[in-house]
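The following dialogue takes up how features of a model may be read from its coordinates.

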Amino acid sequence: MSDQRNQWALEMSEAELTRLTGDMEAAHRETLPVMRATAGDLVAETRSGGQPSRPADPGRRRFLLGAGGLAAGLALAACSSNDKKSSNAPGGSGSPSGSAAKSSYTGDLKVVALAVALENQAVGAYQAALAAAKAGKLGKVPPAVATFVTTAMAQHADHAKAWNSVLTGAGKPAITNVPLSNQPATLAALGKATDVGAVAKLALQLEDQAAQTYLFATYSVTSAAGIATAASIAPVEAMHAAILNYVLGQYPVPDDFLPTDKAADPALLTV
Amino acid sequence: MGAERIDTRLLEELTEQSQDLNSDAVRITEEALGDFVDASREEQAQAAVSRRWWQRGGVIAGAAGAAAAFSSLRAVAATSSDDVKALQTAASIENLAISVYRTAAGLPFIKDGNKTVAAFIAKTTTQHQAHAKAFNAAATQAGGKAQNAPDPTYAAVVKKALPTIKAPADVVKLAITLEDVAAQTYTKNVSEVSSGDLRRLFASVAPVEAQHRATLLAVQALLAGNLGDLVAIPTDPAKLPAAAGSVGMPVAFYPTAKASPITEGAVK
């Protein structure tokens, strides 16, 4: 993302920025082996016939059957579009059927599939924001917002990759698009955005949705590796939300305890 | 910390909105804690039944059944004990954070400095108080004692650091350490506790500590760049340096390597 001259104005020394970026990259790399190991564990659990490492609890049933009202608060849906067509392009929704009953992803894998879809949705939204910025549709883009978008997008791509490795390891197809019934509304809302603030508000909704969905997953899935993975990603999405809140002029840590009222409903999945 | 740019009326409105949201979250957490209490009581009742069965003797039941009952009883006891320790350690980390933030709030360069930093410290203190209360409530309801002392390991770190604190950046640096330890510990605890309700509790607090850390990392970068005047709500996004958009979220997966062991702050 850049200003109209396609250049970023650095208000910090190059050396300081390089050092901070280096620190960030190193810290990021440190987490990847752990993540891969955890994903491997989850694959192994799934291959072993889905034997849970923990007893199932009622929360799981609530998660898989419902949370119907949870997603209702997602304001994206309110930014409705009558366009029900699906798109096969990157960032487009998958099957238009929306039939959860025919899903090839069941049990914990349904939650994993939902996670991939949410991550892809976020990546697609940030990609669309970058494209709109480059086309000059969002006005002047602050450099901090540009680096936020680039960094958050890369992290979401890492999350999607991790979750997809679980799906493919379990013999299921990877999800490379956004098979969510709210995707057309998301794309429509992005298309209407004419400034950075509007994009940031949409991004905040997606980050809140992701963080809260992972919180819900920690007490709703049965796989130990799945629980650990969700627990390690939820704080990162919450950090994204904190920075977005700050940029939007809002208090960065609004809740004492992360709520779940904006968690995504698995019924949003269309595959 | 540079010039003040805070709109106090807006901050009050935002605080009120935040408190409303918080009330909802607290209510949900209390419900979860109530569920946890019910589950604990149920487990204890089941353990008592197993114990009575064991005490009646295994003459009729046979050796295999007796061994299974004993194994079950031992598992319940051990798991509950670890849960209580994890909760007490979490409370000890919160107690230390509260103490540090309270101390920081009284320092002249905080008290008379940037109003947004002071407001953040005040708000963060109340959030850590809410966490400590929740962890201690869960610990006592599970049959353990409340932990009112600070985490001993990091209390030593704080004791060593306090004399070196001369400026807001020093406070921020120390706070980042504590928030990171809290977030890493709770992230790990999610996988270590025995019930969904406790997973929910830890998983609902870890992201909040991570958000504290994200905010502090951004503030640290601004202070390092002599841009303390941008530490404001609302800030001027156009003036923020590029690094402010990424420094607050340094990892794609929250690590747990620095997590405190569950026994670290347990009541002895």
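Q: In what order do the elements of chain A run from the N terminus on?
A: Helices (H or I, at least four residues) and strands (E, at least two) are DSSP runs, numbered from the N terminus. Chain A reads α-α-α-α-α-α-α-α, a total of 8 helices and 0 strands. This is a predicted model: local features need pLDDT of at least 70, side-chain atom pairs count only at pLDDT 80 or more, and totals for chains, interfaces and linings use all residues. Residues are numbered from 1 along each chain as its sequence is written, with chains lettered from A and ligands numbered from 1 in the order in which they are written.

Q: At roughly what angle do the axes of α7(A) and α8(A) cross?
A: Axes are lines fitted to C-alpha atoms, for helices over the stretch in contact, and angles run from 0 to 180 degrees between N-to-C directions. Helix α7 (residues 196–218) and helix α8 (residues 224–247), both of chain A, have axes that come within 8 Å and cross at roughly 155°. α7(A) is therefore roughly antiparallel to α8(A), a term for angles over 145 degrees.

Q: Which residues does Ala206(B) contact, leaving aside its neighbours within four places in sequence?
A: Two residues are in contact if their C-beta atoms, placed from the backbone, lie within 7 Å. On that basis Ala206(B) meets Ala231(A), Ala234(A) and Pro235(A), together with Ala183(B), Tyr186(B), Thr187(B) and Val190(B).

Q: What percentage of the 271 residues of chain A count as buried?
A: A residue is buried if 20 or more other C-beta atoms lie within 10 Å of its own. In chain A, 55% of the residues count as buried.

Methods: Angles under 35 degrees count as roughly parallel, over 145 as roughly antiparallel, 65 to 115 as roughly perpendicular and the rest as oblique. A residue is buried if 20 or more other C-beta atoms lie within 10 Å of its own, exposed if 12 or fewer, and partly exposed in between; C-beta atoms are placed from the backbone.
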